[in-house]
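Work through each task yourself before you read the solution.

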Amino acid sequence: MSSIISVICSAGMPTGERIDIVRRRFGNGEGPRFALVAGVRGDTPEGIRVAHKVCAHLQEYHTALKGTVDIYPCVNPLAAHRGIRRWPFFDQDLNRRFPGRAAAHAPDRVAFRLVEDLQGVDQLIEVRGAHSAFTEALQAHVRKGDSNALNVAKHANVEVVWERCPGPSSTSTLVYQFRDSIVLEGGTGNRLTTGIADDLCNGVLNILNVMGILPDDCLPFHWAGVTRPSVVDDDSVYRLRSEVGGLFLPSVKPWEIVSEGHCIGVVVDPISGRHLQAINAPVEGRVLALREQPVVLPGTMVARVVRTDQNV
Amino acid sequence: MSEIYRLEAPYRGVYKLERLSFGSGSPSISVVAGLHGNELNGLHTCNIVAGLLKMIRLNGTVHLFPSINTFGMDQGTKRWPLDDRDINKAFPGDPEGSAVERIACALLEATETDICIDIHSASPLMREIPQVRVPFSGKEVEYARAMGLPMVWRREGDRLDTTGLIGAWRSEGRAALHVIGGRGATLDIAASRTMANGVMRLLYHLGVLPVPVDADENRVDTTKSGVQYIYGMIGGFWVPEVRVGDEVKPGHLLGKITEVIGGGLLQEFRAETAGLVVTARTYPVVHAQELLIRIAELS
């Protein structure tokens, strides 16, 4: 058997049905322990696809592993079943429930059991897609000042590693519970995009190689082909917002190079089509995220542009 | 009625944050309702209060904000419909941020009054007795008791989260009262009247209202240790035997969880202590570890 499938937690339904949260373990339990968690939110299927791609590769090379790899392919299965962000019925964002509670409703218990099961992990990666209204360039997020995570994330085959300062709600996220954790993100919310999962899967395998868990000859690519990312922080990332209500019509693509003043898109009146506002790049850089859902209000973020005068 | 803030919205009319103001001078009181679009008892409470205040000369200022999340209200959603964000998690807000952050910022500025009241309903799955939640001590306890609502619940650390309106008010040193009553997504006329009477009694207590309002006693004045929480240990079909406002004695049958199909008994619940039912589950399908009943000790 290449992997051991364990149920780490079950959520009982009123009808008696049980919803299982599963872990697939590769390796014999020795060496460094790596964990990949996907599907914390149910509207990010790209992460789930990455988890299964990594599993498929490890299945082939499991005898060569020099460590333990735990894959949690989908920890919010009820939301994934419906393609929605939150745990249904309780309407709770699982990524705002950590570290969870042992005696509480299902989302809190799942959060608690997941944190418990991940104790002792040497490297945690959460992989997901974009917010459902956005397309994101391939990126890794690490906590500002976490140099270990930054050094690992540079091998994740992404375009950007973003060192983020924790916000007011970050303490209740999964990755906040563990040192050196990394978030991988890319693609479009609630759908699969050709190529995105391949890149993120290769990034995960490359990190396994860097950690010494997966030998060089088990990689499906040559290490020289791994993308070398830009490293940016919050000061380098500009959020562009609409100042009027209307339809945002983008004129660029994610990760496109833009110069200062370059038109990112326009907001038009939804009835007459009248031009209401041009959204321009505030700096020279690249488009890190782009709004795909066109309806906007004053203040709605339509894009993120990352300044590329450093490390690019 | 005055417009405090507006946002242009595509495909529909302008979003307006509207305020009803009565009287002038100090003391000043703000009453906010409808931060969550599917909680309507606070809206009705404000409208009852507005109907009374317009006939009375006041010795102070009363601002009523009957519905903050009007877009959520007309679509029956708790959160702001466009981006599904909770306005009550967006404080202190940002005048240059997203729509909910702008609304939160405008509301916080518009409620710079001596006393602030935020009225909510329970979730659509539960019903709450009209109550006011305050810290353990301080002027807020005096104000809460003066409202004469059925329950005063003193909770240390309650609403310290400054991304919520109550926490944001308290972090700025304003006296903040968190009022809850009835059930979400429905109109509970009795709870709305009770909460409106509570607001009027507080206005009389502060000297804003020159004429007294029928007095009512707090039936419960307690801390968390005086409240018994009843959780189901198993999922199933909840059949209640008591309602909010019922008094129970030890051994009183509160309800039972049965099999969804077939109705076989899975778990029966009886009161461990005497008290008042202050919270009751209304939606019958329950998951394991869900709150079913809260019983508070009578004063």
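**Exercise 1.** Among contacts in chain A between residues at least 6 apart in sequence, what percentage join residues at least 24 apart?

*Solution.* Start with the ground rules: this is a predicted model, where local features need pLDDT of at least 70, side-chain atom pairs count only at pLDDT 80 or more, and totals for chains, interfaces and linings use all residues. Residues are numbered from 1 along each chain as its sequence is written, while chains are lettered from A and ligands numbered from 1 in the order in which they are written. Next, two residues are in contact if their C-beta atoms, placed from the backbone, lie within 7 Å. With that rule, the share for chain A is 65%.

**Exercise 2.** Why does the radius of gyration of chain A agree with that of a compact globule?

*Solution.* First take the rule: 2.2 Å times the number of residues to the power 0.38, with the radius taken over C-alpha atoms. For 312 residues this gives a value near 20 Å, and chain A has 20 Å, so the two agree. Then look at the box filled by the C-alpha atoms of chain A, roughly 60 × 50 × 35 Å along the principal axes.

**Exercise 3.** Which helix of chain B gives the most to the side that touches chain A?

*Solution.* Begin with the contact, which takes 22 residues from each of chain B and chain A. On the chain B side, helix 3 (99–110), strand 11 (236–240) and strand 16 (285–286) each supply at least two residues. Helix 3 gives the most, with three residues. Helices (H or I, at least four residues) and strands (E, at least two) are DSSP runs, numbered from the N terminus.

Now turn to helix 3 of chain B itself. Its buried residues include B:A99, B:V100 and B:L107. The buried residues of this helix pack against strands 1 (2–7), 2 (15–23), 3 (28–33) and 4 (61–65) of chain B.

**Exercise 4.** Is B:D216 buried or partly exposed?

*Solution.* Locate B:D216 in the loop between helix 6 (189–205) and strand 9 (220–223) of chain B. Count its C-beta neighbours inside 10 Å: there are 14, so B:D216 is partly exposed. Leaving out residues up to four places away in sequence, B:D216 touches B:G148 and B:N197.

Terms used
Buried ≥ 20, exposed ≤ 12 C-beta atoms within 10 Å, placed from the backbone.
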